[in-house]
Every structure is written in structure tokens, then in C-alpha cells.
Amino acid sequence: MPHIEIDGRAVPFAEGQTILEAARAVGVDIPTLCHLPGRPPHASCLLCIVRVGASPRMLPSCATQAVDGMLVTNDAADVRDARRTAIELILSDHLGDCLGPCQGVCPAHMDIPDMMRHVSAGRFAQAIVTVKETIALPAILGRICPEICEKGCRRSSSDGALAVCKTKRFVADRDLATGAPYMPELPPDSGRTVAIVGAGPAGCAAAYYLRRRGHACTIYDDHEKPGGMMRYAIPRDILPEAVLDAEIGVILGMGAAFQGGVVLGRDASVDDLLTRHGAVLLAAGDASQVNSSALEGLKRGTQGLQVDRHTMMTSRQGVFGAGGVLIATRHAVRSVADGRAAAESIHQYLGGSPAHAPDKAYSVHIGKLDSEQMVPYLQLGSKRGRSVPAGGAEQGFSETEARAEAARCLHCDCRKASSCQLRTVAHEYGASQQRFKGDRREFRVDLSHPAVVFEPGKCIACGICVRIAAEGRDKLGMGFSGRGFDVRAAVPFDGMLGDGLQETALACADACPTGALARATGSAL
Amino acid sequence: MIALFPSRRTQAPPPPPIEVLPEPGAFVEAVVADTGREPQALIPILQAVQRRFRYLPPEALHRVAELTRSSPADIMGVATFYSQFRTTPVGRHMVSVCHGTACHVKGSMLIDDALRRHLRLGAGDDTDQAREFTLQKVACVGCCTLAPVIQIDGVTYGNLKPETAPKALRDFLETAGRAEDAGLAPIADGRQAGEIRITIDSCCIAGGALEVHDALVQAARQSRAPVAVKPVTCGGMCHQIPLVEVAAGPREPATYAKVTPQEAEQIVRRHFPGSGLGARVRARVAGVMDRLVEAGAGDVLQRHALDVRDKPVCAFLGPQRRIATEQTGSQDPMSLDEYRAAGGYEGLRRALADMTPEGIVDTMTRSGLRGRGGAGFPTGVKWGKVRQTKAATKYVVVNGDEGDPGAFMDRMLLESFPYRVLEGLTIAARAVGAEEGYLYIRAEYPHAVTRIREAIRRCETAGLLGDDIMGSGSRLSLTVMEGAGAFVCGEETALIASIEGRRGMPTLRPPYPAESGLWGMPTLINNVETYAMVPWIVRNGWAAFATLGTEKSRGTKVFALAGKVRRGGLIEVPMGVTIRQVVDEIGGGVSDGGVFKAVQMGGPSGGCIPASMADTPVDYDALQAAGAIMGSGGMVVLDDRTCMVDIARYFLEFTQHESCGKCTFCRLGTRRMLDILERLCRGEGRKGDIEKLEELSGMVKAGSICGLGQTAPNPVLSTLRYFRDEYEAHVQGRCPAGVCRPLVHYTINQKCIGCTKCAQDCPVDAIAVEPFDVHAIDDALCTRCDACRRVCPVDAVDLSTGREKSHAAH
């Protein structure tokens with residue numbers, strides 16, 4: 001059998017196979033966005049370029065026939081550079097947000113649009129799962145959060161931001177009210193233990209996520225009851241004790257231990273804790289209020305303990321920090337986010353790999369839309385204005401109110417955020433959307449199809465839908481429109497998507513490598 | 001005969017006041033019945049629809065989808081890919097403002113501005129209120145020596161200035177309605193005493209040759225002299241048109257340049273005095289002649305005096321060596337007899353009777369001929385490959401999609417030497433074993449299409465094409481395919497897609513067309529000029545050709561010399577002559593007192609060779625080493641009033657517009673390069689822009705899948721290589737050449753005597769008419785047309801080239 005050599009590895013191929021096909025057959029990874037297996041190559045995205053021999057040119061492996069003895073370079077700096085450039089060029093003309101702007105602004109990066117979709121559709125049990133993915137104490141935060149995320153809401157510039165915080169509180173209250181609140185499935189015990197100093201928002205959140213990773217943990221606090229500032233600094237009429245107990249109760253119910261009346265520096269030292277536990281998380285709040293000898297040997301800045309921004313680890317190996325101990329004035333929501341980040345980092349650390357906080361989710365951004373550009377955008381949500389709880393702020397939203405408010409969500413996040421191949425390669429190659437920034441396309445969305453949404457601004461002209469549609473029998477189908485920079489997939493004769501795709505619609509949506517064609521999801525449709 | 005030389009009147013029949021258009025659906029039915037319903041009929045069908053309705057009505061497109069095998073997606077794809085097609089209604093007349101290279105460096109933007117002002121078009125509008133004219137930008141109409149040029153429907157107006165451009169619109173409305181007269185029929189009654197020859201190619205027509213022709217015919221009739229007025233092949237002396245040659249009796253023919261209709265009449269009377277000629281008129285003619293000859297500026301030339309009296313013109317002709325353009329200026333391009341009498345079809349006769357196909361291929365290989373379309377691939381090797389590939393059907397294709405702005409030799413060859421191209425093609429078909437062929441000719445060349453179609457018809461009648469060529473039993477049938485406006489179709493795989501009726505999107509080679517081309521069959525594709533070289537080579541033998549030129553670039557090359565040069569035109573020179581010889585000896589140096597700065601060669605795929613390297617020989621490898629390419633042979637001379645960043649921006653705008661849009665590096669890479677260049681030309685350059693431009697250039701070159709993208713960065717890279725200081729100046733907000741409009745400011749200094757001349761000439765009233773006061777220019781209104789500076793009698797208009805308006809003298 002003839003062979004090509006890919007990065008020095010002999011790869012056999014069958015007559016007529018391309019470099020890409022030969023590579024894939026042996027599991028060599030070459031990225032591509034426009035390839036449709038089994039169909040003639042389109043050679044459009046150019047992500048699959050490789051170097052053949054010593055030629056200064058790079059060739060698309062999807063369209064280059066393998067020839068016996070061919071020397072192919074796939075994994076090399078210049079090939080990666082070229083691929084990253086191709087991705088960055090595509091991103092420079094890709095109009096969309098991977099994640100909703102609200103999600104980026106929320107300190108905990110909660111998947112707000114997803115929660116809204118569930119609430120709007122009445123899927124409350126799923127909504128709480130989404131919420132607790134990033135926020136361990138939503139019923140509490142739903143009462144005390146300064147609603148930072150709402151500043152990022154696209155609707156804030158037109159008819160008022162979504163009431164995100166109140167909706168989240170509704171989801172959490174409803175969950176607690178079931179009597180059997182959501183409890184994530186826990187993995188088997190890891191055999192490792194973590195000491196958490198401080199039972200405030202950071203410590204409780206860290207305990208929640210450490211338990212989800214299977215680690216035993218003990219929360220030490222100088223107070224008798226857990227909750228920290230949530231219990232001892234916030235008035236009860238704002239945050240009723242029952243809510244506090246119920247939500248923290250879930251964490252304790254997951255197996256986190258609590259030991260009250262333990263003062264760091266008096267009853268225990270960091271050294272002690274480190275001998276008894278695999279790691280220590282300092283989450284005791286305002287560092288200036290902590291017994292200074294207790295923090296001896298740890299680097300401090302003007303505001304509090306210094307930790308590595310990415311790993312949350314202090315200057316001492318195995319000792320981490322979160323919440324007010326880093327910056328005294330931290331909002332509870334930031335502390336909750338810190339607690340989760342520290343938990344993830346500690347999880348890595350305990351597993352023997354270098355500590356690192358959860359990867360920052362990759363997202364491209366549309367940026368600000370002016371009022372004219374908002375017009376097509378606003379059709380993605382219901383037309384009513386921001387809701388106010390009829391029963392007053394303490395009561396929170398009723399089910400009807402919550403669902404109505406959630407229906408206002410414009411779902412700025414991409415329908416394909418979790419399956420978009422462009423996003424995956426952009427993340428993998430560390431591509432910047434800004435490097436070749438150019439004029440922005442106009443936002444357009446085609447909602448004419450019952451099951452598929454079409455956003456031409458996200459089209460990368462890969463031709464996959466055009467090829468799939470050409471094999472179907474839909475009357476109009478899908479084709480290429482325009483030339484050069486303006487090439488886009490479009491329904492012929494200025495038709496809407498509903499006119500163009502029928503039997504091939506879902507196949508096109510599923511094969512589209514970006515969110516240009518996507519299955520309609522959630523309440524927006 | 002008339003149909004062969006479509007005049008402005010036959011070509012652009014003015015619509016009647018109330019136009020009665022057929023119902024689109026019914027019209028489509030008729031066209032489809034005529035053209036066919038196969039995919040390759042799609043482009044011709046849409047062209048027919050657009051000719052009739054001036055755009056593609058939606059009803060028509062729906063009907064095409066119903067009646068043909070093309071799907072709605074195919075139809076939309078094609079209708080939106082080719083720039084010829086319009087999907088919205090337009091005004092009664094299309095005004096195409098040429099933005100070819102020569103037009104660009106001679107101010108086509110100012111012409112565009114002037115027309116927009118005249119038609120009162122707002123931003124984004126293209127049609128005036130009365131819906132009389134629709135303005136569009138076109139890449140190049142191939143009349144580079146008349147730059148700047150506009151075309152109104154089929155009528156070309158050249159040598160325009162911002163102030164004269166609106167007059168062209170008026171002239172068009174006044175003259176377009178003129179009734180067709182007997183105009184072009186030559187007088188031939190069998191008792192000829194002489195012949196009056198006039199070149200009527202597209203650019204000559206733009207220069208007024210038809211009017212002169214009409215005047216000559218009229219005068220010849222009135223004089224009742226036995227003389228024929230004969231349209232002849234292009235002589236390439238485009239800077240002298242309309243060019244008239246009079247052959248009478250035994251004397252040397254006399255040549256007159258830049259003839260006006262009034263002078264035409266006098267010329268006839270001088271050489272062919274008829275019975276009605278009075279002494280008074282005779283004297284007047286003599287007077288005109290004396291004046292013109294003595295003026296000595298080449299306004300009127302007499303051939304017998306050329307070698308002694310007018311060296312520049314002699315030089316224009318002298319160093320040239322004509323193969324593709326053999327028999328220039330003397331033959332009727334449509335006369336098959338004249339072509340044969342001068343050795344035409346001798347090559348084909350030999351190829352059929354005396355040579356084996358392998359022998360023909362071998363002759364091509366040994367001649368050293370390389371493809372004249374630009375890349376310079378050895379012709380014999382290509383022919384051999386097609387010859388060797390086994391297949392039931394093979395095709396030969398003429399690539400006449402000459403798209404480089406600044407190049408027009410293919411148009412001239414097709415218009416002036418149609419039989420030579422056909423003979424070359426027929427020899428090629430014999431060599432590779434093809435019996436079917438296509439001539440793909442760009443949409444902007446209607447005259448070429450008409451002439452080649454007629455030439456094919458005549459060859460079929462004469463047994464030079466068809467089922468039994470010259471009695472040899474060989475067959476070849478030819479089809480002419482008109483392009484629809486897409487530069488990328490000059491790329492052979494895109495050209496194939498276009499003939500097949502698809503969007504002109506290139507595919508990765510291999511497979512090469514020689515193995516798998518048109519409909520998957522082996523296909524030989526050569527450029528027009530390549531085929532035009534073939535008959536001479538076969539007739540004279542490979543050795544004769546191989547002795548010309550340089551070791552690796554044999555033979556001759558046709559160039560279109562244009563831009564800031566005194567004598568532009570079509571020239572054919574042996575390979576190896578230097579750029580300096582071409583510019584100085586043939587072109588007569590830079591025009592209008594400018595300083596020679598560079599030559600742009602190879603159009604959008606080529607580069608700029610600086611004056612300091614003018615001794616570079618014209619040869620494939622030397623040009624490539626210098627950062628340019630031979631290309632199809634456009635040679636645009638640039639002077640010190642040309643901004644090299646602007647030139648790079650100009651070409652990127654072109655390639656960006658012409659990119660098919662398939663591969664990422666070309667579709668988006670060229671756009672982002674253009675973004676940076678536009679930024680620089682607006683004075684908004686940023687630190688790092690030059691480096692980013694270089695980096696992107698490298699990526700686009702390395703990663704694009706076809707020649708368009710791979711060569712698109714060349715204009716940027718070559719100007720960066722030789723004129724980096726100009727880029728750096730732009731980053732700092734200066735345009736040293738004073739071209740980039742946002743960086744240029746006009747001011748009036750204290751020398752001003754208040755004569756108001758500038759104010760009167762200002763097309764936008766940016767200067768108030770204040771007699772005896774020092775005038776002032778409103779910078780916000782000023783369009784930088786330079787009219788004030790040109791008209792000022794006391795040198796009081798200053799031009800500053802920095803970002804901020806300043807009063808510093810230039």
C-alpha cells in the first residue's frame with residue numbers, strides 16, 4: 001500500500017484518497033469546517049492546510065490527493081500560524097456572540113439565556129440545574145445580588161433589561177419549595193479532604209463544588225452557624241433565615257461537614273490544617289479582621305491576601321484563597337464565583353496536575369447595537385416590558401410573572417454555542433476576533449422556518465448546506481449568493497428560509513459548522 | 001459588412017420614448033427554445049434576458065428555473081456572481097466609468113465625482129431622478145490609451161476631464177438617436193485608383209474613428225473618385241488615432257494622425273481630386289497640410305517622411321517585431337482573402353498535410369513558446385499533455401477573458417486578427433486531437449465577439465473549420481461564449497466552470513484541465529495571444545521563433561503601453577528588450593513633464609518596477625525576480641504624481657472585488673489588506689499596519705487556492721519593497737505624491753491677483769467669486785480635482801500633502 005508521511009509518521013492511503021482522508025483514517029487530527037465527508041471537496045475554509053514538501057505554498061488537505069512518498073507537515077508552527085490566521089479572518093466577519101453579553105458580565109458567568117429558555121417553557125427542574133452549574137446559592141443571591149449581569153442585557157438600552165436576578169430567585173425558591181431540592185449526583189469519594197476556613201458565600205460555594213468533585217470537605221467558622229456575612233451582616237427581612245438554612249442545608253446534605261466556633265490562629269493554624277487535609281481554602285472574609293498571626297507567611301497586598309489570578313493559590317503551596325479574604329469589599333456573587341473557581345483549582349491540585357481554575361469560556365462578541373440595529377434583534381423576544389412582582393419585592397415573581405419575564409429574553413447566546421466547530425477551533429488555536437477587525441455586518445435573522453433559525457451574519461460560506469440542499473428535493477433549496485467578500489448562503493430569489501428548506505432543513509442545521517443555521521430552541525420560537 | 005463594424009449607432013439602439021417590453025415569462029420561453037435547457041445555456045439565457053430588460057426581472061428568473069435544468073440555487077448563484085448581471089431595474093442608459101489602471105492614474109475618481117454631481121446622485125444612489133442614466137464602475141474597458149474613459153451603453157468617450165465628462169452625457173443623448181446611415185460600406189466599384197485605410201477598433205471608435213470613417217466615405221462619394229474606404233487592422237499607434245492611411249497610385253502611402261471629420265474630407269480631396277473640386281477648397285487643403293506638417297508634433301504624418309522627419313514615431317514602430325500582430329495596419333481584419341494572401345492558413349495547411357500531431361507539439365516545444373496569459377507555462381508541454389491523455393472527447397479553449405485592468409492586447413488581436421487566432425486554434429486542435437472548441441471572450445468586448453463570430457462563419461464556409469478542414473478530413477467546430485463580467489474566469493478552472501454554466505469558482509489543481517477539464521475531459525486552454533503566435537511558428541519553423549528573445553523567454557510579446565507615457569499603444573517587441581527601451585524609445589518617455597517613477601506590470605497579479613530598475617529586461621524570470629510578473633502584458637507607466645500606496649490600494653480593491661469568495665485567505669484576507677490600505681490612504685494608519693500588511697500578504701500568497709489569491713498581494717509586496725518610505729509617510733499622515741485625497745489640501749497664497757479664474761473653473765463652487773481679493777478655498781467642499789491649480793496664471797494655488805491643512809508651499 002502506498003504511504004504518505006505526516007510529520008514523520010508513515011500513513012497508508014488508498015488510491016484516490018486525499019491527505020485529509022488518509023490522516024483521519026489513522027486518527028491524525030486536521031481541523032476543517034467546510035469538509036463534508038463522502039462529498040467532493042469545497043476547499044473553502046482552508047483550516048485544513050498543510051505543507052507538502054518544501055513548497056512555500058500550503059495546500060488544503062481536503063482537496064489534495066495523496067501521492068506515494070508525499071511529505072506532509074501538519075503540526076508545525078508555520079502551519080498553525082496560517083490556520084490561526086484563517087480562523088481570525090473568518091472571525092473578523094462572523095457576527096455573533098457565542099455567549100450572551102449578560103453571561104460575560106455576570107461575575108459567576110451563569111448561563112442566563114439557558115435558564116430563561118427553561119423558565120419560559122416551564123421546565124423549572126432543568127432551570128435549577130443550569131443555575132447551579134455556576135451559582136451554588138441562588139436563592140440567597142436572588143435576594144442580595146446587585147444585579148450586575150442586567151447591565152449587560154441587550155434589552156437594557158431599549159425597554160429595560162431582563163429581571164435576571166428575580167427570575168433566578170424564582171427558580172431557586174421554587175426548587176426549595178418542592179421539599180426535595182435539586183441535589184447533583186455525586187461521584188465516588190476521592191479519598192482526599194479539603195479544609196475550608198469560613199462558611200460565607202465563598203466557602204459554601206467551594207464546598208458545593210468540591211463535593212461535586214467527590215472530595216470530602218470541612219468548613220470551619222468562628223460562628224456557631226454557617227453563613228458568614230449572609231447570616232450575620234444582612235438584615236433578616238431581606239434574607240430570611242429559612243432561605244439561608246435551606247440553601248446551605250443542601251450543601252451540608254451533600255456531605256460537607258461544618259465545625260463552628262473555630263477561630264483561625266486560636267483553635268487551628270494553616271499548618272495544622274495542611275497536615276490533616278490535602279488542601280486548605282481560606283475564605284474567612286476581610287483579611288484585616290483575621291488574626292494576623294494566622295496568615296503569617298502568606299503574601300498580602302493592600303486589599304487582602306495575594307493569590308494567583310488563575311489558580312487562586314496563595315504564595316504557599318496547597319493553600320488557596322477566595323472571597324473577601326482577597327478583596328474585603330467583594331460582592332457575594334463574586335465570592336460565590338471565587339469559591340467555584342477555587343474548588344476547581346483545588347480539584348486539579350489534588351489530582352496531581354498543576355492547579356488551574358476553570359477555562360474561561362471562549363466567546364466572540366457583536367458589541368453594542370444601536371437602536372436601528374436593535375430592531376431586527378428585538379423580534380427574538382416577547383414584546384412586553386420588564387416585569388415587576390405584583391406581590392412586592394419580598395414575594396418575588398409568581399410563576400406566571402417569571403415565565404413572562406423569561407419570554408422577553410432575546411437569546412443573544414448562540415444556539416450552537418456548545419456544538420459550534422468554529423468556536424472550538426478558535427479556542428484551540430487561541431484565535432483573536434479583534435486582530436483583523438473590520439466593518440460589522442448588519443444583523444439579520446430569519447425566523448420563517450418552524451424548526452430552523454437562519455442568521456446570515458454567522459455564515460462562513462462553507463457551502464455545506466448548499467451541497468446538502470442540492471441533494472434534496474426542496475423546491476428552492478439553498479445556494480450561494482454574491483461574490484467575493486459578500487458571498488453567503490441564501491435562499492434563492494430572495495426567499496425566506498421557510499420557503500427554501502423543507503426536507504433538508506434539519507440536516508443542514510445539524511451540519512452547519514456555526515450558528516448560521518441552527519435548530520430553533522427554547523421559547524424564543 | 002455593416003454588421004461587422006457595429007458603430008455606436010448599431011450597437012446601442014436608443015430605446016423608443018415609450019418602450020414596449022415583452023412579458024418576461026414569454027420572452028424566456030422563446031430564449032430557452034432557442035438556447036437550450038442544459039446548464040451551459042444558463043449564462044447565455046440570462047444575458048439575453050438582460051439585453052432585453054436591462055436587468056433580470058424576478059419573473060424571468062422563476063421562469064428560467066421552471067424551463068431549464070438549472071435549479072433556483074444555480075440561477076441565483078450565477079445571477080449574483082457575474083457583475084454583468086443586475087437584479088434591480090436601471091436607468092435607460094448605463095454609464096460605465098472605467099476604473100482600469102490607466103484611467104485610475106489619470107483621475108477616473110474625479111470623473112466619477114463629476115458625473116455624480118452632474119446627475120445629482122446621493123450617496124449610495126446610482127440612477128438619476130429622471131432614470132435616464134445609471135452610473136456603474138467597471139474594471140477596464142480596454143481603451144487604456146484614451147484614459148480616462150467612460151462608456152455610455154456601447155459608446156466610448158475618452159480623454160475626459162472632470163469638466164468635460166458631463167458633456168459626454170449630453171453628447172450621447174444628442175447623437176445616440178441619429179439614424180443609421182449607409183455609413184460604413186466601403187466604396188468598391190471595381191475601378192479603384194486607391195485605398196483609404198482607417199483603423200476601427202474599439203479604442204479607435206472611442207477616439208472618433210467612426211465619424212472620420214463616415215466623413216471619408218461621404219467625401220469619397222462626393223468626389224466620385226474610384227477609391228475604397230477600408231477599415232483595417234490595428235496598428236497599435238493608439239496615441240495617434242484616428243489614424244488614416246491613403247494609398248494612391250505608385251506613391252508611398254501617406255499617413256495622417258489624429259484626423260478630424262473636417263480634415264477627412266480635405267484629405268480625400270487632396271489625394272483623389274474629383275470633378276467637383278474647386279480651387280478655393282484645394283488651396284485650403286494645402287494650407288491645412290502645411291500647418292500640420294510644420295507643427296511637427298506628430299499631428300499629421302506622412303510615411304515617406306517618417307524615417308527622416310519624425311524620429312519618435314519611427315522609434316515607436318522601429319524596435320518592434322511583429323508576429324502576433326503581423327500585417328498590422330494594412331489588412332481588412334475581416335478579409336479572409338487578404339489574410340490568406342499574406343501567408344495566412346499556410347501554417348494550418350502544413351500542419352494538416354506535412355506534420356503529425358506529435359510533430360506539431362514538438363515544434364511548439366522547440367520554439368520555446370510560453371503561455372502569454374501570464375504564468376508562462378511552456379506551451380509545447382501543455383499541448384503534449386493533452387495529446388497524451390486518452391479520452392473519447394477533448395476540447396480546445398481560447399481564454400479571451402482578458403481581465404487585467406491596463407491590458408487590451410487580446411481584444412485587439414481578436415478584433416484585428418481574428419483569423420490568426422482561429423488558425424492557431426485549429427492547429428492546436430489538430431495537435432491535441434480535439435474536434436470541439438470554445439472561445440471564451442469577456443463581456444466588455446462586444447466588437448471582438450461580433451468579429452470572431454463572423455470570422456468563424458466565414459471559415460466554415462471556406463472549409464477552414466467544420467467537418468473537413470482543407471480537405472484533410474479533420475474536424476473542428478467552435479462555439480463562442482461571452483463572459484459575464486468576472487475577472488477570476490481568466491483562471492482556467494474558473495473559466496471551465498463558467499463555460500459549464502456555473503459560478504466561476506476555481507478548484508484546486510491538480511487535476512489540471514489537460515487531464516480533466518471541460519465536462520471532465522482533457523482540455524487545452526491557451527490565451528488568445530498564445531494562439532496568435534502559433535501560425536507564424538508553424539509557417540516559419542520553430543527555429544525562427546527561438547532565435548528571438550532570451551534564452552528562457554523566446555519570441556516576442558505584445559504589450560499594452562499606457563498610463564503616464566507620451567505615446568501609448570499596442571506594441572510587440574522581442575523578449576529581452578529593457579523596460580527603459582519600451583518606455584523611452586517606444587513610448588517617448590513620460591507625458592506632461594512628469595518624472596518617470598515606475599512601471600506597473602502584470603496588473604493585479606503583478607508589481608511595480610521602479611525607474612531605478614528600468615534596465616530590467618522584459619522576460620518572465622527577470623520580471624518575477626524584480627517582484628512583478630509578465631502577466632498578460634499590461635504596462636502602465638507611473639510618474640511622480642502617482643502614489644504607490646494608492647496604487648497598491650487600487651489593485652487590492654480590484655482583486656478584493658473580483659475574488660470569487662471561495663477560500664478564506666482570498667475572500668477575507670484581501671479584504672482586510674484593503675482595510676489597512678484604505679486606512680493608510682485616509683491618513684488613519686496605525687503603528688504596526690505595515691507589518692500586519694506584510695504578514696497578511698504572506699498568508700494570502702501561501703494559502704489561497706488559485707492564482708488570483710496567490711498573486712493578489714504582489715502589488716502590495718512590490719511597492720513595499722521599493723517604496724516603503726511612502727507607506728511610512730502615510731502612517732504619519734502624509735501622501736508625498738499628493739494623491740490621497742484626505743491627505744491633500746489646496747490653499748491660495750498671497751501671489752493671488754484675484755482674477756477669479758480658479759473660482760470659475762471650480763466644479764463644486766468651493767472658491768467664492770471675489771474679484772481682486774485673494775481667493776480662498778473651502779477645504780470641506782474641495783474635491784482635489786486640481787482644476788484651480790492648473791488654471792491659475794500666477795502660481796498662487798498651493799498643494800500640501802500632509803494630514804493637517806497647511807499653507808506651506810508644495
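Visitor: Where is the place of R131(B)?

Guide: R131(B) sits in the loop that runs between helix 7 and strand 2 of chain B. Bear in mind that this is a predicted model. The phi angle of R131(B) is near 55°, a positive value in a residue other than glycine.

Visitor: What is phi of N159(B), and where is the place of N159(B)?

Guide: N159(B) is also a residue other than glycine with a positive phi, near 50°. N159(B) belongs to the loop between strand 4 and helix 8 of chain B. With 13 other C-beta atoms within 10 Å, N159(B) is partly exposed.

Visitor: In what order do the four strands of the open sheet in chain B lie?

Guide: First the general idea. Strands of a sheet pair through backbone hydrogen bonds, either parallel or antiparallel. In chain B, four strands make an open sheet with the order 2-1-3-4 and mixed pairing. Strand 2 (133–138) and strand 4 (155–157) of chain B are the edge strands, each pairing on one side only. Neighbouring strands of this sheet are turned by 25° against each other on average, direction ignored.

Visitor: How many bridges join strand 1 of chain B to strand 2 of chain B?

Guide: Six bridges link strand 1 (residues 93–98) and strand 2 of chain B, and these two strands run parallel. At C98(B), the bridge partner in strand 2 of chain B is V138(B).

Visitor: Which strands does helix 7 of chain B touch, and which strands does helix 8 of chain B lie across?

Guide: Helix 7 (residues 108–118) of chain B packs on the sheet and touches strand 1, strand 2 and strand 3 (150–152) of chain B. The direction of helix 7 makes about 150° with that of strand 1 of chain B. Helix 8 (residues 165–175) of chain B lies across strand 1, strand 2, strand 3 and strand 4 of chain B, at about 20° to strand 3 of chain B.

Visitor: At what angle do helix 28 and helix 31 of chain B pack?

Guide: Helix 28 (residues 664–681) and helix 31 (residues 714–731) of chain B pack at about 40°, their axes 10 Å apart. Helix 28 and helix 31 of chain B are therefore oblique to each other. From helix 28 of chain B, M673(B), L680(B) and C681(B) meet V716(B), Y727(B), H730(B) and V731(B) of helix 31 of chain B. By class, this contact has six nonpolar, one polar and no charged residues.

Visitor: How many residues does the contact take from chain B and from chain A?

Guide: The contact takes 35 residues from chain B and 39 residues from chain A. Among the elements that each supply at least two residues of the chain B side are helix 4 (58–67), helix 27 (644–658) and helix 28 of chain B. By class, that side has 16 nonpolar, eleven polar and eight charged residues.

Visitor: What is the radius of gyration of chain A?

Guide: Chain A has 27 Å; a compact globule with 525 residues would be near 24 Å, so the value agrees. The C-alpha trace of chain A spans about 75 × 60 × 40 Å along its principal axes. Of the 525 residues in chain A, 51% are buried.

Note on methods
Residues numbered from 1 in each chain as written. Chains lettered and ligands numbered in written order. Predicted model: local features only at pLDDT ≥ 70, side-chain atom pairs only at ≥ 80, totals over all residues. Pairing = 2+ DSSP bridges. Axes fitted to C-alpha atoms, helices over the stretch in contact; angles between N-to-C directions. Contact = placed C-beta atoms within 7 Å. Rg over C-alpha atoms; globule rule 2.2 N^0.38 Å. Buried ≥ 20, exposed ≤ 12 C-beta atoms within 10 Å, placed from the backbone. Parallel < 35°, antiparallel > 145°, perpendicular 65-115°, else oblique. Nonpolar A, V, L, I, M, F, W, Y, C, P; charged D, E, K, R; others polar.
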